[in-house]
Amino acid sequence: MKDRQFGRTGRVVSEIGFGAWAIGGAWGDVSEDEARGALHAALDAGTTFIDTADVYGDGRSERIIADVLKERGGERPYVATKAGRRAAPHVADEYNRKNLTAFIDRSLQNLATDCLDLVQLHCPPTEVYYRPEVFGILDDLVAAGKIRNYGVSVEKVEEALKAMEYPGVVSVQIIYNIFRQRPAGLFFREARARNVAVIVRVPLASGLLTGKMNAATTFAADDHRAFNRNGEAFDKGETFSGVPYDVALEAVEEVRKLVPGNVTMAQFALRWILMEEAVSVVIPGAKNAGQAKGNSAASDIAALPAETMGALRALYRERIAPHVHQLW
């Protein structure tokens, strides 16, 4: 497993992390044994970055992480969580001192620690980025010793650019994959210039870029790929990266032609992301140990040829960009 600098925090983390949404909920049934096995496998493979959130399974994901880390002992990996989505209603005014403090106190308890490595505002309403007082509250929580660093998880490139204007923001989490290439422009340039860490989520476009789905694939009722295709529960860009399912399936077949025979499509898609130097860590999810091992192995894949990168840019530009580029 190769490592990368995590922005200006002074930390070094594995370039492939563990995204813990799937072991929390909204991805169909994942037993606690499977969840624990997935996390153990990732850590055994050299993962030193875990990303979770207080709303993943209403704290289930955080609690499983705490249990596994206690069981393993030794040096603790870098654990990032998120706060804000527990707000009801989810509006800018709910990002206040009382709520944020309560959310963070709850995560401290769930993760069984006295200080959180990284807290990210969890895709807040756009208006939050224009409220300096919210970031001042986070500064106060750092001063109080409850969090070491803070960042943001965003839906839109514009939100990421605005967030980086606040000096305390050390990281931005954003969707970036073969089907969502817009961050590679202005955002990545600005992140590098400001030494802001970039966490890449939804790297496999909700599983599309594993190449294992087709028109007949079905999803459980509690899987967001069934209930959020049009943004019914949260931003539709979180589900299949916002690409219409039929369009995406056709594009996947074009991607398949570029994948070397000795790697899986998922590994190929992860390696494509790691070709970007601005990326600090990519956080694929895993529902079992096999998936976690496969994701981790992508760190060992050779760099992709220039002609392959060019073909994927052209595929995005011609087939995918009209559906997503200006929306996020």
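Predicted model: local features only at pLDDT ≥ 70, side-chain atom pairs only at ≥ 80, totals over all residues.
Me: Which residue of β9 is the bridge partner of Gln173?

Reply: Ile199 is the partner of Gln173.

Me: In what order do the strands of the open sheet lie?

Reply: Read across the eight strands: β3-β4-β5-β6-β7-β8-β9-β10. The pairing is parallel.

Me: Why is one side of β3 and of β10 left without a neighbour in the sheet?

Reply: β3 (18-19) and β10 (281-282) stand at the edges.

Me: On to charges. What makes a salt bridge?

Reply: A side-chain nitrogen of Lys or Arg lies within 4 Å of a carboxyl oxygen of Asp or Glu. This structure holds 21 salt bridges. One of them joins the side chains of Asp44 and Arg72, at 2.9 Å from N to O. That pair links distant parts of the chain. Asp44 is in helix α1, Arg72 is in helix α2 (residues 60-72), and they are 28 residues apart.

Me: Which partner does Glu250 have in a salt bridge?

Reply: Arg319, with the closest N and O atoms 3.8 Å apart. This pair also links distant parts of the chain. Glu250 sits in helix α8 (residues 245-256) and Arg319 in helix α11 (residues 306-324), 69 residues apart. Glu250 is partly exposed at 48% relative accessibility. Arg319 is partly exposed at 31%.

Me: Which residues are linked in a network of salt bridges?

Reply: Asp58, Arg86 and Arg106 form such a network.

Me: Where does the largest share of the negative patch come from?

Reply: First, the members. Asp29, Glu32, Asp33, Glu34, Asp67 and Asp222 gather on the surface as a patch of negative charge. Helix α1 (residues 32-44) gives the largest share, three residues.

Me: Is Asp33 buried or exposed?

Reply: Asp33, found in helix α1, is exposed, with a relative accessible area of 66%.

Conventions
Residues numbered from 1 in each chain as written. Heavy atoms only, no water. Patch = residues over 30% accessible without salt bridge, like charges linked within 9 Å, V, L, I, M, F, W, Y side chains within 5 Å. Areas by Shrake-Rupley, 256 points an atom, 1.4 Å probe, with all protein chains shown as cover. Lys, Arg positive; Asp, Glu negative; His and termini not counted. Charge placed at Lys NZ, Arg CZ, Asp CG, Glu CD. Helix = DSSP H or I, 4+ residues; strand = E, 2+ residues; numbered from the N terminus. Buried < 20%, exposed > 50% of the residue type's maximum accessible area, 1.4 Å probe, protein only. Pairing = 2+ DSSP bridges.
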